[in-house]
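Please read the points with the coordinates open.

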Amino acid sequence: MRALEHITALRTLALVLLVGASSLAGCTNELTPPPIGDGDDDDDDGDDGNPPPTPRGCQVEPQPVTILPRTSNEEFRQFVTDLLGRPVPVERFAQWTPLAQVNGFDTMTESRIDPGALEAQLATVEALSAELMATPAVMEGCPTPTDPPPACAEHGAYDAAAQFSGEQGRDCWSYLDANGGALAYAPADGRWFSPGDPGMFLWGNGLHPGLRVDVMLRWTAPRDGSAAPSGSFFDADAGGGDGVIVVVRGPAGDLFRAVIANGGAREQFQAALPVRRGDVVDFIVQRVANNSWDTTGHALSVAFTPTPPSGGRTWDNCGQLVVERVATRAFRRPLVALERDELRRVFDETAAAAAAAGIIGVFPEALGAALQATLLSPHVLYKPEFVPGGFDGAHDQHRLASRLALYFRGSLPDDELRALAEAGGLVGDDVIAAQAARLLAASGDRFVEHFGGQWLDFRVVGSTTAVSADPLRVAMRKEAHAVFAAVLAEDLSADRLIAPGFTFVDAPLATHYGLTLDPAAAVDAAGLTRVATADRGGLFTQGHFLTSTATGSDFKRVIGRGLYALGRTLCQPMPMLDPATREEINNSVGQIDPAAPLGERMQIHRSSSDRCLACHSQMDPLGLALERFDPAGLARDTYEDGSSVENSFLFNDVSVRNPAELQAWVKDAGQYRRCVAEKLLVWGLHRAVRPEERCVLDQLAGLDDPQAPAPPLRATGIDAFLTALRLTEAP
Amino acid sequence: MTRASSSSSSLPLSRRTVLQFMGLQLALPLMSSLLPTSTRAQAAPRQRFIGVFFPNGAHMPGAVDGNWNFAEALSPLDQAGLTNNTMIVRGLHNGFGDVDPHWQNTAGFLSCRRVTLGDAAVARAGKSLDQIVADARPTPLRSLEVGAPYYHVHPLNDHPGYSHDYLNRISWQSDDAFRSPIADPRQLFAKLFATGDGGAAQLRYLHARRRSVLDHLHRDATRLQARLPAEARPVLSTYMDSVRDVERRLDGVGAGTCTSPEGAPAGDFGDRDANYTLRYQLMHRMIALAMQCGSVGVATLMYGPSSSDLSIPETLGAGNGHHTCAHNRGDTGLIDRLRRMNLLQAGLLAHLLGELRNVGVLDSTLVLYGSDMSDGDLHLTTNLPVLLCGGGSDLRFGQAVGSADAPRPFADLQLEILQLLGAPQPSWGDGQAASTGAPTGILV
């Protein structure tokens, strides 16, 4: 019994939260939601604590977020991108545990961090801390390191054959006998030789030991760092002889040793070792008993990663400056004294451990540890600014700045916003709105990608539909992104997302759509060209929507497109199937002739029972309207058998027989405008909209004033942010 | 052949290296597999547990037995000579009628506990069997979790108030904290075998540095937690537990850490369908080695998240995904593909058991193989497809026990498994999914 109550309550909750009151007018009683906000409206007479008014008089008590929301992996990636001042590739986070999407977004789950997830995060920030220390802007203010200049030319990768030369020490390669004596170079032969030992030679990709002394190729470390020698040796003259011994030797001894018999197999090696400036790695070919037939080929390389120069740098003259700079930004607020002390403790502990172990580069190790502690802090991995008490009261301005930045750029406050918060100037809706508009303009496509991309599923990261590498499918995702970006940037209203009057295509996509592309037209950074058209570009006519929702059978395509349209554009997800409905569906197996025309089959689904009709009356008309497009998103008038793709199903008494009718209705529908407002509000709330808060959606969508034109999408977003603040900030 | 090793998991290695890694099994001791399992008088003390989940059910129309027998769906086990290490357990049910079984019986696969619904931002199932065993039988690594890439739920399959984590996690360290599976064999390799560059002193230093960072994080979280309202605190408790868990891992290095048998595996494992079979073969091999060397005694594997449309084209050819095939509505083409998927996954299980046998730990391990449903088309959760695998003459390996006509909760079997592994519980599961305490007949 309790279970039944639970599911009834759940379904009611879902409908109350997510369905407009008028939208299900044609539904059966079972699924008709109770009146919106029933019982609550009467209470809002202002006599219980004077809740702050939301715009234009819809009064609702604020309700802070109750969970501690996780910083999404994408938000973290943007944090680091901002700290480094350059984009961090998505691949760096491939092993991070993905976050569940809630209300369509991955930014509002509490998603626990399990040990495996933390290990992956630790590995990533260990690499990122080194990148931070190699970034001049991060290290600004620190004294110039007093390290000596490189011992030889510094490269990230050394290749013995490619860098072979007739000059000792060039590119850190030296050409020696095994006792360390220098060889002489014969330009005409292009090889090194020993004047005193006529059998000894050394050339670009080979070595031959002498009669008396063996031969050696030497690599010298240009600076302190880590070296990773790798490669292979092989017998390059299998005509005879007693083979050779090949050795790779580092400062602490042999890294590799092998015997290659005459005609023996190639010997491969790889190693890694810390090196100080001037340390050497020697590649030696030794005779066994004699040097006959000892020509030995090789492919030798050394990858080199320098330890950041840090001579003369200390906590006092550099470390604290860098940690303060990074932590203040990453925490999105000033540090408190205890936090400074604690991060210094990590620095000191690590410096002591590194010094005791004889580690090369004590300062970068210690600073790196303090930066790792900063980046993995719960203040970074979670967003306490959404929870009461998460930020100190003294940091209210920074809390506000952070919420602004998370909303409009999915990242940290930029310099101007941070400075404004620091100066206490982030006061009043006008100032906040001006900053919001500035962030939207200054942050490239971040809002488009993170908000729009998740709402409409064109973002690749965390996409709910299959991500294809097919260039046409890639172009389709880019098209969806570009249309959203244009509507936002050009201050158009949300109805233009449905019917923009233009779209963006590359040449193959233009051909796919049957659009003519002016070869002289400008091409944007994504490789797309803007084309004026009434037939494409809208949410229901974009290739990405049409293809990604059309999977499986024709029945599934109709349902898929219908459900997607309902959930994403009308905020009307269908309730989950209860056991009785599922049983009814199960009993219907085999009852419908799969060879019957699609429209007929859908009619049977609708007419089976009121229970079936409740959902099919909503899903089917939208999906069927889009049958004008085949699974590849191509326009068509008839099916392969010649029958028409049009049908006469009504959606809540509205005729939506084809995409044009569907678009014409949706673009001006209150339910659609309210849904856009809801998505924008939820993005800021970090929780679902409560029933008593639904009155604000009409205001955000401009539906409370029938005379007013629909507000631009950008303005609705800014308005939604301000409203989200009021609805979640304790008075 | 490759000699000296480097631990960097990002080194680009060839497919040849992967094959070398795979080929190693030939060189490992085969003594255990040479002993006829059935002649052993009694069970070796059972120390290890592996839970293996496959999604969307088997081809069992109407939840009758269908082809769930050694001759058909389980023929790969028979072909691998593993029939006498496998028991079919029939008649088990799991889940609750009012919760979608894709979600309930994945998150509750190993707990038979009801998942919490209503706020998709939180995920609460119940502590799972594998983690109870991990508590009872501590090892340097608590447990290993392996799976496919995360399934971000398609709107067609989504439900308001259901956490997407439920479709993606079977291992729960506590009621509110899952353990997320590793999807990339390279990541598992690094976790198990990477030792770090340099010598012992350098390794000691590295651990000291990490311990300093982790200690700081624990103190930091403690302070933040004290500031927050009660509802927001548990998430930081989990974070702090994870910090301590990773620290303990550092402490345990050197005691039971496996040595690297070969170079790291390579390949494209980012896409859920890419290298599907190879992904799990590599994982099986590593789990077996980790168990052999004593660094871990508990693991869970997911051969795919529930509801997802894994299609495995490289083996099965282009075609419909797993979930679509499960909802076949009697379509013979879809049914055929579903059966081939079931066969492929039974083949994976045979590979896992073979790896365990090769390293001599099969007899001391219990492997529980099962799904969220029986008939995935009708979402039926009775007579689930369940196998119990291992060795020892005290259990009815090589037989089918139970019957679809005598339904009993899956929790009864799990309670017995806990008993066999020395981690007895007074009862197991919630409500209609709870154990009755009656024996399931797996014992001789």
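What share of the 731 residues in chain A do buried residues make up? They make up 49%. Keep in mind throughout that this is a predicted model.

1. **Chain A overall.** The secondary structure of chain A comes to 24 helices and 18 strands. Its C-alpha trace spans about 100 × 70 × 60 Å along the principal axes. Take the contacts in chain A with a separation of 6 or more: 70% of them are between residues 24 or more positions apart.

2. **Chain B overall.** Chain B has 14 helices and eleven strands. Of its 444 residues, 58% count as buried. For contacts in chain B with a separation of 6 or more, residues 24 or more positions apart account for 76%.

3. **The contact between the chains.** Chain A contributes 79 residues to the contact and chain B contributes 73 residues. On the chain A side, helix 1 (residues 2-18) gives the most, with seven residues. Sorted by class, the side of chain A that touches chain B has 46 nonpolar, 25 polar and eight charged residues.

4. **A helix pair in chain A.** Look at helix 9 (residues 396-409) and helix 10 (residues 415-422) of chain A. They pack at an angle of about 155°, and their axes are 8 Å apart. An angle over 145 degrees counts as roughly antiparallel, and the two helices of chain A are therefore roughly antiparallel to each other. Helix 9 of chain A passes helix 10 of chain A in a right-handed crossing. Which residues make this contact? Helix 9 of chain A supplies Gln397(A), His398(A), Leu400(A), Ala401(A), Leu404(A) and Ala405(A). Helix 10 of chain A supplies Leu417(A), Arg418(A) and Ala421(A). By class, that contact has six nonpolar, two polar and one charged residues.

5. **An open sheet in chain A.** Five strands of chain A form an open sheet, in the order 2-7-13-9-10. The pairing is antiparallel. Strand 2 (173-177) and strand 10 (253-260) of chain A are the edge strands, and each pairs on one side only. From one strand to the next, the twist averages 15°. Within this sheet, strand 9 (residues 244-250) and strand 13 (residues 280-287) of chain A run antiparallel and are joined by six bridges.

6. **Strand 14 of chain A: two faces.** Strand 14 (residues 296-306) of chain A has one covered face and one uncovered face. Thr296(A), His298(A), Leu300(A), Val302(A), Phe304(A) and Pro306(A) lie on the covered face. Gly297(A), Ala299(A), Ser301(A), Ala303(A) and Thr305(A) lie on the uncovered one.

7. **Strand 14 of chain A: partners.** Strand 8 (residues 225-235) of chain A runs antiparallel to strand 14 of chain A, with eleven bridges between them. Ser232(A) has Ala299(A) as its bridge partner there. Strand 1 (residues 157-159) of chain A is also antiparallel to strand 14 of chain A, over three bridges. Here Asp159(A) is the bridge partner of Ser301(A). Strand 6 (residues 206-208) of chain A is joined to strand 14 of chain A by two bridges, again antiparallel. Leu207(A) stands opposite Thr296(A).

8. **Strand 1 of chain B: burial.** Is strand 1 (residues 48-54) of chain B enclosed or open? Seven of its seven residues are buried, so this strand of chain B is largely enclosed by the rest of the structure. Both faces are covered. Arg48(B), Ile50(B), Val52(B) and Phe54(B) are buried on one side. Phe49(B), Gly51(B) and Phe53(B) are buried on the other.

9. **Strand 1 of chain B: pairing.** Strand 1 of chain B pairs with strand 8 (residues 365-371) of chain B in the parallel sense, over seven bridges. With strand 7 (residues 298-302) of chain B, strand 1 of chain B also pairs in the parallel sense, over five bridges. Ile50(B) ties the two pairings together for the reader: its bridge partner is Val367(B) in strand 8 of chain B and Ala299(B) in strand 7 of chain B.

Notes: Residues numbered from 1 in each chain as written. Chains lettered and ligands numbered in written order. Predicted model: local features only at pLDDT ≥ 70, side-chain atom pairs only at ≥ 80, totals over all residues. Contact = placed C-beta atoms within 7 Å. Helix = DSSP H or I, 4+ residues; strand = E, 2+ residues; numbered from the N terminus. Nonpolar A, V, L, I, M, F, W, Y, C, P; charged D, E, K, R; others polar. Axes fitted to C-alpha atoms, helices over the stretch in contact; angles between N-to-C directions. Parallel < 35°, antiparallel > 145°, perpendicular 65-115°, else oblique. Left-handed = near helix turned anticlockwise from the far one by under 90°. Buried ≥ 20, exposed ≤ 12 C-beta atoms within 10 Å, placed from the backbone. Pairing = 2+ DSSP bridges.
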